[in-house]
Amino acid sequence: MDMSSKPEAAPTGATPTILQAIVIKQCVAATYNRGVVVLAPHVLFMKNDAVHVGAVTLERDGVVPKEYKLGVFKLDGLGEIAITDRPFQTSELWDPADERFADGALMTVER
């Protein structure tokens with residue numbers, strides 16, 4: 001039986017979604033603290049035996065945040081994660097040598 005014509009199912013779930021978003025530089029939408037956020041994920045990393053995302057928040061409940069910063073989100077704290085059609089550029093705030101991410105980085109955005 002020829003299985004080559006059957007498409008493989010793409011991985012689903014939070015981790016593969018964030019990994020894909022980092023690679024293709026697309027924003028993700030998610031729920032966080034009962035609100036909706038649009039994030040530009042720059043790094044997926046391990047901290048205290050949990051997966052975290054370093055991302056720039058571009059919108060929080062449809063509003064641009066007052067402060068432009070690279071924040072850290074525990075992956076388990078983000079719900080309903082989905083890749084959007086909104087691309088992002090690597091932020092000037094991104095520093096791969098940042099001690100918060102350097103030791104446990106699983107995937108980082110390209111400069």
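Which residue follows α1, and where does its phi lie?

1. Lys25 is the residue that follows α1, and its phi is positive, near 55°. This and every other point below refers to a predicted model. The protein averages a pLDDT of 90, and 90% of the residues score at least 70. Among the elements, the lowest mean pLDDT, 94, belongs to strand β6 (residues 105-108), whereas strand β1 (residues 26-32) has the highest, at 97.

2. Helix α1 (residues 14-24) has as its buried residues Thr17, Ile18, Ala21 and Ile22. Because these residues cover an arc of only 135° around the axis, they are placed on the same side of α1. As for what the buried residues of α1 meet, they pack against β1, β2 (35-47), β3, β5 and β6.

3. The largest nonpolar core has 26 residues, and those that touch the most other members are Ile18, Leu39, Val53, Leu75, Leu78 and Ile81. Two or more residues come to this core from each of α1, β1, β2, β3 and β4 (70-74), and β2 gives the most, with seven residues. Ile18, which is also one of the buried residues of α1, touches Val28, Pro41, Leu44, Val53, Leu75 and Ile81 when residues up to four places away in sequence are not counted. In general, nonpolar side chains tend to be buried together in soluble globular proteins.

4. Phe45 lies in strand β2 and Phe101 in the loop between β5 and β6, so the pair ties together parts that are 56 residues apart in sequence. Phe45 is buried, at 1% relative accessibility, and Phe101 is likewise buried, with a relative accessible area of 1%. Phe101 also forms an aromatic pair with Trp94, and this one is tilted, with 5.7 Å centre to centre and 35° between the planes. Trp94 is buried too, its relative accessible area being 2%.

5. Turning to charged side chains, the structure holds two salt bridges. In one of these, the side chains of Glu59 and Arg86 meet at 3.0 Å, N to O. Glu59 lies in strand β3 (residues 50-60) and Arg86 in strand β5 (residues 79-87), so this pair ties together parts that are 27 residues apart in sequence. Glu59 counts as partly exposed, at 25% relative accessibility, and Arg86 is also partly exposed, with a relative accessible area of 33%.

6. The side chains of Arg100 and Asp98 likewise meet in a salt bridge, at 3.1 Å, N to O. Here Arg100 is partly exposed, with a relative accessible area of 41%, whereas Asp98 counts as buried, at 18% relative accessibility. The assignment of Asp98 should be read with the cut-off in mind, because buried means under 20% relative accessible area.

Technical notes
Residues numbered from 1 in each chain as written. Predicted model: local features only at pLDDT ≥ 70, side-chain atom pairs only at ≥ 80, totals over all residues. Heavy atoms only, no water. Salt bridge = Lys/Arg side-chain N within 4 Å of Asp/Glu carboxyl O. Helix = DSSP H or I, 4+ residues; strand = E, 2+ residues; numbered from the N terminus. Buried < 20%, exposed > 50% of the residue type's maximum accessible area, 1.4 Å probe, protein only. pLDDT = per-residue confidence, 0-100. Arc of directions from axis to C-beta. Contact = heavy atoms within 4.5 Å. Phe/Tyr/Trp six-rings, centres within 6.5 Å; stacked < 30°, edge-to-face > 60°. Core = buried A, V, L, I, M, F, W, Y, C linked by side-chain atoms within 4.5 Å.
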